[in-house]
Each structure stands twice: as C-alpha cells, then as structure tokens.
Amino acid sequence: MLFLSTLLLFGFASAQKVIQLNYCSIDEHHLRMDCKYAVPAESPTPYCKYSNGERLFDTTDPDEEQHAPFKKKARARIFPGNICRLLFKNLPNGKSNFTCSIKLADTGATATKTSVVFKQLLLPCSAWSVLFQSCSGLMLTLMTLPMLLDIHWL
C-alpha cells in the first residue's frame, strides 16, 4: 500500500499542468492569449496547442495538422518562462472558447485549460491588463493601501 501511494503521489507531483490563461487584444480585432504552464524539470520542451472542440487553431506538435480555415489566422509559439502564446487574427464578435493543451512528448500526458473570451470585454495588451488578469489579489491590496494608511494615521 505504501508503494502504491508513493507511486501515485510521485505521478501527480511530476505531471504537467496549465496554471493560467491570460488574454488581451493587440488591436481592435486581434487576440493574444498566453497559456502559462508547469512541467517537471527534467522534461523536454512540451507541445502546445490551442483548439475549440475538434477545431485546431494551431499547435507546436509537428504530428498534428492545423484546421484549414485557421492557417492564416492563428499562430501558436512557445516562449521562455513556460508560456505558450496564441496570436489570433480577426476575432469574431461575441464569445469564443479557447482551450490550451500542454502535452509532454515523452509520456503523452496532456493538461488543458479552457477560457471564454468576449471580444467586447477585451482589454488592450499592456502591463496593466496583464496585472489586472493575473494579480487580482495584488491589485486589490495596492488599491486599498491608501485607505488602510489613512485609517492607521487616525
């Protein structure tokens, strides 16, 4: 039993996972989505793909083929810091679902995360938009700090 629990714990501890999806608009019609992931230290560079159901927007896996309508609209790339970025041209009005999948080449294990993007609610890409999306606790603290300092001085 101890061996089985150790094996299961090691399996879960060494698996990859998608930590966060951030997105913003590059201009009025183009989307940038960053998928931050974690993989075991000894793992080779994983494959990344963005999809919507069976429709593959783009992938870094040479064995998978991009869905034809997205060949000129979508591009996925892996960047240092365990980030897979999707650039998507001509985002349609309304809401769109985007799923980021990270797959380890050696094991084939896959981790995914899905986000719904509303074009009308997209913030422009800037340091502030990334900060609002990824550090809401920090932003809340910074925004309430003046109020807390005023109370302390009374």
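Modeller: Let us begin with one cysteine: C125 has a relative accessible area of 26% and is therefore partly exposed. The classes are set with a 1.4 Å probe on protein chains only: buried is under 20% relative accessible area, exposed is over 50%, and partly exposed is in between. Please note that this is a predicted model, in which local features need pLDDT of at least 70 and side-chain atom pairs count only at pLDDT 80 or more, whereas totals for chains, interfaces and linings use all residues. Residues are numbered from 1 along each chain as its sequence is written, and side-chain values use heavy atoms, with hydrogens and water left out.

Colleague: To which residue does a disulfide join C125?

Modeller: A disulfide is read from distance alone, as a pair of cysteine sulfur atoms within 2.5 Å. Here C125 is joined to C24, with an S to S distance of 1.9 Å. Because C24 lies in strand β1 and C125 in the loop between β8 (110–118) and α2 (127–134), the pair ties together parts that are 101 residues apart in sequence. Strands (E, at least two residues) and helices (H or I, at least four) are DSSP runs, numbered from the N terminus. The torsion about the S-S bond is 90°, and the link of C24 and C125 is right-handed.

Colleague: Is C24 buried or exposed?

Modeller: C24 counts as buried, at 3% relative accessibility.

Colleague: How many disulfides does a search of the whole structure find?

Modeller: The search finds 3 disulfides. Another of them joins C35 to C100, at 2.0 Å from S to S. The torsion about the S-S bond is about -90°, so this disulfide of C35 and C100 is left-handed. C35 lies in strand β2 and C100 in strand β7 (residues 95–103), so the link ties together parts 65 residues apart in sequence. Both C35 and C100 are buried.

A further disulfide joins C48 to C84, with S to S at 1.7 Å. With a torsion of about -75° about the S-S bond, the link of C48 and C84 is left-handed. Since C48 lies in strand β3 (residues 47–52) and C84 in strand β6, parts that are 36 residues apart in sequence are tied together. C48 is buried at 1% relative accessibility, and C84 is buried with a relative accessible area of 0%.

Colleague: What pattern do the disulfides of the chain follow?

Modeller: With bonded cysteines counted along the chain, the pattern is 1-6, 2-5, 3-4.

Colleague: Let us turn to the strands. In what order do the 4 strands form an open sheet?

Modeller: A sheet is read from its strand pairs, and two strands pair if DSSP finds at least two bridges between them. In this model the order is β1-β2-β6-β5, and the pairing is antiparallel. β1 and β5 stand at the edges with a single partner strand each, so one side of each has no neighbour in the sheet. From one strand to the next, the twist averages 15°; axes are lines fitted to C-alpha atoms, for helices over the stretch in contact, with angles from 0 to 180 degrees between N-to-C directions.

Colleague: How many bridges join strand β1 to strand β2?

Modeller: There are 8 bridges between β1 (residues 17–25) and β2 (residues 31–38), which run antiparallel. The two strands form a hairpin with 5 residues between them. Y23 has M33 in β2 as its bridge partner, and S25 has L31 in β2. On to the next pair: β2 and β6 (residues 83–88) are joined in the antiparallel sense over 6 bridges, and K36 stands opposite I83 in β6.

Colleague: Is E65 buried or exposed?

Modeller: E65 is exposed, with a relative accessible area of 63%. This residue lies in the loop between β4 (55–59) and β5 (74–79). Apart from neighbours within four places in sequence, E65 is in contact with L56 and K71.

Notes. Contact means heavy atoms within 4.5 Å.
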